[in-house]
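Please look through the sequence and the model below before reading on. The paragraphs that follow move from the sheet to the helices, then to the ligand and a few features of the backbone.

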Amino acid sequence: MSLDTIFKGQRVLVTGGAGQIGSHLVAALVQRGAQVSVADSLWRGKREHLAPGGQPLIDMDRDFHQVDLTDAAACAQVTANCDLVYHLADVVAGINYVFGNQFSLFNTNLRIDSNMLHAAVANKVPKYVYVGTACSYPAALSVSDAEGRTPLFREEQVYPALPESSYGWSKLMGEYHAELAMNEGLLQVGLLRFHNVYGPHCEMSPERSQVIPSLIRKAIRHPDEPYVVWGSGKQRRAFVYVDDIVDALLRVVDVGLGRGAIQIGPDYSTSIRELAEEIARISGKDIDISYDPTRREGDGDRAADWRKAREVLGWEPRVSLTEGLARTYDWCRHAMAKAG
Ligand SMILES: NC(=O)c1ccc[n+]([C@@H]2O[C@H](COP(=O)([O-])OP(=O)(O)OC[C@H]3O[C@@H](n4cnc5c(N)ncnc54)[C@H](O)[C@@H]3O)[C@@H](O)[C@H]2O)c1
């Protein structure tokens with residue numbers, strides 16, 4: 001069936017729908033005629049992401065639920081009468097927050113994911129999409145080889161598991177739990193595993209932002225805020241633009257349910273040093289980049305062997321890093337100007 005028709009009239013819940021990925025997904029679903037509701041605690045998401053250009057995408061009084069999904073009763077309430085649940089809500093943040101809050105983050109994500117899955121099963125939701133992360137790959141494999149080649153992960157290499165952070169563990173447990181429900185025929189499950197996502201509607205605060213919005217904020221504020229890269233800058237990530245992520249989220253419901261985890265990301269990585277240089281270039285400012293080697297930098301290197309995404313979903317990355325960064329920079333500049 002066509003992606004333009006399968007969502008028409010469907011009652012779709014997006015948890016984390018006020019967040020970076022969720023808000024773009026809500027827009028795509030509304031555009032395709034779905035009846036969308038959103039559940040989000042606004043821990044990191046924002047209401048204004050659901051009103052691009054000032055026009056609300058959904059009826060905020062009726063269909064927006066500001067709830068904490070660690071509360072099982074809230075999960076039961078928001079999953080009632082849904083044809084499809086996209087479960088995107090979890091604690092997501094930059095490396096400093098992740099490694100500074102390992103216990104509470106693991107605890108929170110496990111509770112959110114477990115409550116949501118139980119509620120979806122109890123309310124007989126037929127279709128459920130869960131999203132995992134490339135942070136779940138074993139830390140020992142997430143490094144370049146002796147010749148400097150990037151490991152291109154296949155989906156099954158996530159096991160035997162030994163992720164670096166409790167965030168990676170929590171998201172892998174979420175995948176595993178959802179697979180168990182699917183294997184017992186309790187509901188149909190779509191599983192996507194994303195590499196590093198970026199784009200508009202990102203969190204920009206120093207406390208919780210991820211690397212791209214953090215560097216963009218520093219570039220915009222330069223010279224008032226120092227343009228410092230955390231770590232050596234040699235660490236590498238496979239960045240994927242949010243529009244490509246939304247494309248995969250739509251496709252998985254059409255042709256990817258019951259097909260196991262599918263990785264979404266490019267088959268090349270970019271060093272944080274290259275990223276910092278590109279963002280400095282986009283800013284048009286004369287910026288000297290400095291590095292803080294005392295800061296943690298996470299996995300060394302990783303990217304996606306995305307053949308499964310192409311074969312199962314017909315997915316491919318479309319937005320180049322250069323184009324995606326320019327669009328993100330522009331959005332951040334407007335958002336910061338608006339916030340004063
Ligand atoms: N951004 C990435 O690089 C990336 C990579 C891989 C996977 N993911 C996954 O994609 C999903 C969406 O991530 P995102 O980048 O849009 O991040 P995000 O922080 O913008 O979105 C997550 C949303 O969940 C909400 N939330 C957090 N705790 C909650 C709670 N207790 N109850 C209800 N809502 C709560 C937040 O307010 C936020 O709006 C997450 O599950 C994340 O693990 C993201």
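Two strands are taken to pair if DSSP finds at least two bridges between them, and the helices (H or I, at least four residues) and strands (E, at least two) are themselves DSSP runs, numbered from the N terminus. The model is a predicted one, in which local features need pLDDT of at least 70 and side-chain atom pairs count only at pLDDT 80 or more, while totals for chains, interfaces and linings use all residues. Residues are numbered from 1 along each chain as its sequence is written.

Strands of a sheet pair through backbone hydrogen bonds, either parallel or antiparallel. Here seven strands form an open sheet with parallel pairing, in the order S3-S2-S1-S4-S5-S7-S12. Strand S3 (64–65) and strand S12 (261–264) stand at the edges, and each has a single partner strand, so one side of each is left without a neighbour in the sheet. Within this order, strand S4 (residues 84–87) runs parallel to S5 and is joined to S5 by four bridges; Leu84 has Lys127 in S5 as its bridge partner.

Helix H8 (residues 242–255) lies across S4, S5, strand S7 (188–194) and S12, and runs at about 160 degrees to S7, where axes are lines fitted to C-alpha atoms, for helices over the stretch in contact, and angles run from 0 to 180 degrees between N-to-C directions.

Two helix pairs can be followed next. The axes of helix H5 (residues 102–122) and helix H6 (residues 166–183) come within 9 Å and cross at roughly 15 degrees, which makes H5 roughly parallel to H6 (angles under 35 degrees count as roughly parallel, over 145 as roughly antiparallel, 65 to 115 as roughly perpendicular and the rest as oblique). Their crossing is right-handed, the term for a near helix turned clockwise from the far one by less than a right angle, with anticlockwise giving left-handed. Residues are in contact if their C-beta atoms, placed from the backbone, lie within 7 Å, and among those of H5 that meet H6 are Leu105, Phe106 and Leu117, while the H6 residues include Trp169, Met173 and His177.

Helix H9 (residues 272–283) and helix H11 (residues 321–339) pack with their axes 10 Å apart, at an angle of about 55 degrees, and that makes H9 oblique to H11. This crossing, too, is right-handed. On the H9 side, Glu278, Ile279 and Ile282 meet Leu325, Ala326 and Tyr329 of H11.

Around the ligand there are 27 residues, of which Gly16, Gly19, Ile21, Gly45 and Phe194 come nearest; a residue is near a molecule or strand if its C-beta atom, placed from the backbone, lies within 6 Å of it. Two or more residues of this shell come from each of helix H1 (20–31), strand S5 (127–133) and strand S8 (196–198), and H1 gives the most, with three residues.

Some backbone features remain. Most residues other than glycine have a negative phi, and most peptide bonds are trans. A cis peptide bond, however, joins Tyr159 and Pro160, with omega about -5 degrees, and Pro160 is found in the loop between strand S6 (152–153) and H6. The bond from His222 to Pro223 is likewise cis, with omega near 5 degrees, and Pro223 belongs to the loop between helix H7 (211–221) and strand S9 (228–230). Lys124, although not a glycine, has a positive phi of about 55 degrees, and lies in the loop between H5 and S5.

Note on methods: Contact = placed C-beta atoms within 7 Å.
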